[in-house]
Amino acid sequence: MSIEKEKIQKTIEIRNKKAGFEYHFIDTFTAGVVLTGTEIKSIRLQEANLQDAYCYLSSNEVYIKNLHIAPYENGTYLNHDPVRERKLLLTKTEIKKISKKLDEQGITLIPTKLFINQKGFAKIELATAKGKKLYDKREDIKVRDLQRETGRKY
């Protein structure tokens, strides 16, 4: 493996920053993603967006919807649809855990991070999460502001 390829693999990490502000995370899972050739090329160029993405279960399989992967610039007429549904690859035990959690009221499954692992495969980190109330969000803002103030040097 060349040095350039190692650098590229280490730096590719696309986060869903909005999710941490909107939800309390309960459990996290790492899943593979079924992609086409031009999709993985776009991800390696960091042209993906997780902001509006969400996951759901359908007949014991997990899918992600609204994950935007920009069309590959050098792709031909075989380029991919940017917001198509994509299947996520999880084990049966993980899917059972997720389905049990999703049966509880107020629990949802959201993607938190998209990255390339050491072998060069695209992976998504999922979290079962519960939505935050307005007062929880205000508390997070206060804590973040206090940390910023204490971190400053006068």
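Mentor: The following account goes through the sheet strand by strand and then turns to the helices. The model is a predicted one. Its open sheet has seven strands in the order E1-E8-E9-E2-E7-E5-E4, and the pairing is antiparallel. At the edges stand strand E1 (13–15) and strand E4 (54–58), each of which pairs on one side only. On average, neighbouring strands of this sheet are turned by 40 degrees against each other, direction ignored.

Strand E9 (residues 122–131) is joined to strand E2 (residues 23–33) by nine bridges, and the two run antiparallel. Within this pair, Leu126 in E9 has Phe29 opposite. E9 also pairs with strand E8 (residues 107–116), again over nine bridges and in the antiparallel sense. Here Ala122 in E9 stands opposite Ile116. E8 and E9 form a hairpin with five residues between them, and Gly120 in the turn has a positive phi of about 95 degrees.

Towards the other end of the strand order, E4 and strand E5 (residues 61–65) run antiparallel and are joined by five bridges. Tyr56 faces Tyr63 in E5 as its opposite residue.

Helix H3 (residues 37–44) touches strand E7 (86–89), E8 and E9, and its direction makes about 80 degrees with that of E8. Helix H4 (residues 92–103) also packs on the sheet, touching E2, E4, E5, E8 and E9; the direction of H4 makes about 150 degrees with that of E2.

Methods:
Residues are numbered from 1 along each chain as its sequence is written. This is a predicted model: local features need pLDDT of at least 70, side-chain atom pairs count only at pLDDT 80 or more; totals for chains, interfaces and linings use all residues. Side-chain values use heavy atoms; hydrogens and water are left out. Two strands pair if DSSP finds at least two bridges between them. Helices (H or I, at least four residues) and strands (E, at least two) are DSSP runs, numbered from the N terminus. Axes are lines fitted to C-alpha atoms, for helices over the stretch in contact, and angles run from 0 to 180 degrees between N-to-C directions. Contact means heavy atoms within 4.5 Å.
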